[in-house]
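Hi,

Here is the structure I promised to pass on.

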Amino acid sequence: MDSVDASAAVGFRPDQLLGFRVGVTSDRRSEDLIAALERRGAEVLHAPTIRMATASDDAEVVEETRAVIAGRPDYLLATTSYGMRRWTEAADAAGLGEDLVDVLENARILVRGPKARGAVRAIGLDDEGMSERETTASLVDLVLRHDVRGATIAVQLHGYTDPAQLARLDAAGARVLAVAPYRWTAHEDQAKVTRLIDAICSGGLDAVTFTSAPAVEALLAAADAGGRRADVEAAFRSDVTAAAVGPVTAAPLVESGILPIVPDRFRMGALIRLVCEHLESEGVLRAETEVGPVELRGRMVSVAGQRAALSPVSRSLFRALMLADGATVSREELSDIAPEPLDAHAVDVAISRLRQALPDARIVATVVKRGFRIAVPL
């Protein structure tokens with residue numbers, strides 16, 4: 001079993017996400033996440049919004065490493081496992097590895113989480129403490145419990161400069177030496193990001209996963225550039241679930257008025273399990289109708305054992321009828337619910353197409369001059 005699945009194995013079923021379509025925005029380790037979702041029956045739309053980039057000649061990292069060696073820091077704040085490995089590899093390649101380790105042996109090392117701790121120990125060093133919430137802010141909280149006036153603090157950055165946290169160290173009187181072994185850049189394939197935005201806005205996705213704050217920010221920036229940010233935010237507040245691996249990743253969503261689901265443990269496996277649990281509990285609708293039991297799972301409708309996949313428009317209309325539980329839903333209400341503009345005639349056409357897609361067209365009943373309803377026994 002791979003590391004991604006380790007904490008998500010409890011209750012595993014290959015049909016957990018059958019009928020659901022999930023967007024994946026990560027670049028690094030995306031194969032693991034996609035495979036885990038697909039093993040559970042999901043259809044996955046992969047659209048990385050950012051890419052991890054490293055300098056081709058490591059010149060900048062080497063320069064930053066020389067500054068750390070010369071500065072002989074009193075503290076090291078280690079934020080990510082990959083960043084620490086990348087940093088030490090670049091230092092070794094430049095002939096600075098031993099000097100860097102010698103200097104860091106005399107520093108008080110604080111880590112953001114267990115993975116960073118593992119990377120520190122892998123190079124023969126040890127730490128004196130780990131942040132409580134596995135965030136950069138809580139890591140800075142930890143070091144600021146000490147009087148750092150006049151102290152030199154080396155900070156291994158994780159993908160992008162966090163100016164607010166560096167400013168806190170500077171305000172406390174510390175000298176800050178930042179090292180960025182890798183950086184996030186916008187992904188070069190923006191066509192995929194556009195398709196992801198279209199799927200979010202059209203009701204073509206049930207959930208979108210995020211594993212870094214820059215990935216969220218890149219998606220929202222791309223939506224803003226295309227004039228669709230308001231539509232994306234509205235979709236995330238209604239039918240599309242945003243799933244973030246931790247509170248740092250969730251922060252840009254929360255700032256935009258979107259409430260994502262976040263696992264208690266900030267790990268990929270926990271995120272997968274939470275997505276499964278959420279979609280199974282919130283995304284599955286059932287009804288006893290005049291033609292038998294009906295179940296809607298994402299875009300998959302089952303009627304007496306027969307299955308059919310619905311288009312985004314058909315799914316949105318059918319879901320509204322299912323939620324009404326036999327009550328009549330007017331054409332005006334259905335028009336407002338649909339992911340694209342529909343007039344009264346277009347609603348009738350859309351209902352006709354829905355009936356054609358269903359295993360049994362009798363599930364949707366017409367209420368003359370009023371609208372439509374699910375054919376539950378009266």
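Let's start with the second largest pocket, which holds about 410 Å³ of space. A pocket here is an open set of points on a 1 Å grid over the protein atoms alone, where a 1.4 Å probe fits, with protein on both sides within 12 Å along at least five of seven lines; lining residues have an atom within 4 Å of a point. The volume is the space filled by probe spheres set on the points, which are joined across faces, edges and corners. Of its 20 lining residues, Cys 201, Ser 238, Asp 239, Ile 337 and Pro 339 are the closest to the centre. Helix 13 (312–324) gives the most to this lining, with 6 residues. Helices are DSSP runs of H or I with at least four residues, and strands are E runs of at least two, numbered from the N terminus.

One caution: this is a predicted model, where local features need pLDDT of at least 70 and side-chain atom pairs count only at pLDDT 80 or more, while totals for chains, interfaces and linings use all residues. Residues are numbered from 1 along each chain as its sequence is written, and side-chain values use heavy atoms, leaving out hydrogens and water.

The largest pocket has about 900 Å³ of space. Its lining has 34 residues, with Thr 80, Arg 112, Lys 115, Thr 211 and Val 245 nearest the centre. Helix 3 is one of the elements that supply at least two residues to that lining.

Arg 86 is also in helix 3 (residues 81–93).

Cheers
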